[in-house]
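Please look over the structure shown below before reading on.

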Amino acid sequence: MISRTGCAPSTTRSLLLSPLTTLRVGGPADICAPRTVEELKLLVEWCAETATPWRVLGRGSNLLVCDDGVPGIVIQTRGLDGLAFGEDGEVTAGAGLRTSVLLGRTRERGLGGLECLVGYPATVGGAARMNAGGKWGSTGQRIERVRVVGPGGIVRDLAADECRFAYRSSALAGFVVAEVVFRLPRVDEREYRARIDAIHREKAAAQPLSEPSAGCVFKNPKGASAGMLVDDAGLKGLRVGGAEVSTVHGNFIVNKGGAMASDVHELIDRVREGVERRAGVLLELEVEVWGETSVPARP
Ligand code: FAD
Ligand code: EPU
């Protein structure tokens with residue numbers, strides 16, 4: 001797939017990122033989707049040799065991609081979707097496997113412990129990188145080790161403690177996660193299914209799950225809920241173009257149809273100003289911004 005003669009990867013395609021993100025905004029990028037860890041390694045090597053910047057795309061459910069798109073190569077992991085079962089609850093999943101598939105296939109085998117993955121679209125790699133989760137736990141708690149491809153194409157296995165999982169962060173930024181090894185407990189399948197259904201119901205009641213969004217826009221400040229702060233500032237329903245602060249949950253911005261990334265950026269600015277004025281708290285972004293923006297991605 002990858003030319004070793006300095007040519008661009010032969011399977012790269014220029015595509016709009018908007019349909020590849022759950023918020024449904026974002027301009028074009030050159031996308032390459034390796035199907036094996038070896039292809040991934042060659043691609044990252046090629047990027048290093050040609051000084052081509054790269055980023056990794058899972059299901060695009062925590063991204064705000066700018067309208068002009070992004071330079072370099074976007075590595076789409078969807079082809080890395082293997083799943084293998086070992087001894088004593090060991091499960092090895094490819095980075096591009098959907099977490100809903102991981103949940104379903106492990107549950108069928110009587111393996112549980114993945115309540116943290118219920119109620120949002122993600123890939124295994126994206127969930128590991130973000131240490132995604134919430135009050136039912138976080139992804140890193142179930143991870144034993146992670147196979148990554150580092151800058152220059154070096155393949156390494158990182159033990160869980162080397163991944164430094166923390167609230168919506170990990171040391172996996174800067175790597176491409178290729179494969180994740182989970183260790184899952186044996187559970188009673190019926191009880192587990194009932195628990196998962198209950199979490200689904202609770203989330204569907206509290207969050208606008210049927211509208212395009214990138215989940216929570218802001219991280220929760222210590223001891224507070226960003227959604228509650230936005231709500232208390234009276235900002236629910238605030239709209240710029242096709243982007244709206246959800247009337248269901250103040251920490252979601254939803255695309256009501258035809259929103260541009262610039263609309264979302266402006267709305268983020270206004271919400272931050274409103275919350276800072278009302279509560280004296282400067283909200284930090286949870287969504288990752290790709291491309292040029294007036295909003296600082298990481299304070
Ligand atoms: P992407 O959005 O594609 O990428 C996110 C980040 O991970 C980027 O930095 C990207 O470069 C990086 N990345 C992706 N794949 C890899 C890889 N293989 N290797 C290295 N880096 C990678 N999040 C929560 O934590 N809890 C929730 O309850 C929650 N609810 C949500 C509800 C909705 C409706 C939506 C739309 C989102 C929600 N989210 C939630 C946010 C989002 O789903 C998670 O952050 C998710 O883990 C992102 O996974 P992804 O595969 O879509 O990653
Ligand atoms: N609240 C309001 N108004 C709102 C939203 C929330 O008053 O508009 C109140 C709720 O009533 C509740 C409190 O704020 O008393 C907390 O709300 P919620 O239980 O919805 O949790 P959250 O802190 O807003 C966090 C995560 C979610 C995760 C849920 C459930 C962050 C930023 N958000 O939300 O994660 O699904 O807990 O575990 O950590 C995400 O990261 O994208 C995400 C959706």
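## The shell around ligand 1

A residue counts as near a molecule or strand if one of its heavy atoms lies within 4 Å of it. By that rule 33 residues surround ligand 1, and the closest are Val56, Ser61, Thr123, Gly133 and Glu288. The model is predicted, and local features need pLDDT of at least 70, side-chain atom pairs count only at pLDDT 80 or more, while totals for chains, interfaces and linings use all residues. Residues are numbered from 1 along each chain as its sequence is written, chains are lettered from A and ligands numbered from 1 in the order in which they are written, and side-chain values use heavy atoms, with hydrogens and water left out.

Helices (H or I, at least four residues) and strands (E, at least two) are DSSP runs, numbered from the N terminus. At least two residues of the shell around ligand 1 come from each of β3 (54-57), α3 (124-130), β12 (176-183), β13 (213-216) and β17 (288-290), and α3 gives the most, with five residues. For classes, Ala, Val, Leu, Ile, Met, Phe, Trp, Tyr, Cys and Pro count as nonpolar, Asp, Glu, Lys and Arg as charged, and the others, Gly among them, as polar. In the shell around ligand 1 this gives 16 nonpolar, twelve polar and five charged residues.

## Polar contacts and cover of ligand 1

A polar contact is a pair of N or O atoms within 3.5 Å; within protein, one must be able to donate a hydrogen and the other to accept it, and residues adjacent in sequence count only if both atoms are side-chain atoms. An oxygen atom of ligand 1 lies 3.2 Å from a backbone N or O atom of proline 121, and an oxygen atom of ligand 1 is 3.5 Å from a polar backbone atom of glycine 126. The side chain of arginine 168 has an N or O atom 3.2 Å from an oxygen atom of ligand 1. Taken alone, ligand 1 exposes 970 Å², of which the protein buries 96%; accessible areas come from the Shrake-Rupley method with a 1.4 Å probe, and for residues only the protein chains shown count as cover.

## Ligand 2

Around ligand 2 there are 21 residues, with Tyr167, Cys216, Asn220, Asp231 and Glu286 coming nearest. Both β13 and α5 (226-232) supply at least two residues of this shell, and α5 gives the most, with three residues. By class, the shell around ligand 2 has six nonpolar, nine polar and six charged residues.

A backbone N or O atom of cysteine 216 lies 2.7 Å from an oxygen atom of ligand 2. Polar side-chain atoms also lie by oxygen atoms of ligand 2, at 3.0 Å for lysine 236 and at 3.4 Å for lysine 203. On its own ligand 2 has 830 Å² of accessible area, and the protein covers 73% of it.

Two strands pair if DSSP finds at least two bridges between them. Four strands form an open sheet in the order β13-β16-β15-β14, with antiparallel pairing, and the edge strands, β13 and β14 (239-240), each pair on one side only. Two bridges join β14 to β15 (residues 243-245), and valine 240 has alanine 243 in β15 as its bridge partner.

On a 1 Å grid over the protein atoms alone, a cavity is a set of points where a 1.4 Å probe fits but cannot get out, and a pocket is an open set with protein on both sides within 12 Å along at least five of seven lines; lining residues have an atom within 4 Å of a point. There is one cavity of 30 Å³ or more, and about 50 Å³ of space lies in the largest cavity. The lining of the largest cavity has nine nonpolar, no polar and no charged residues, including Leu23, Ala214 and Ile253.

How values were computed:
Grid points are joined across faces, edges and corners, and a volume is the space filled by probe spheres set on the points.
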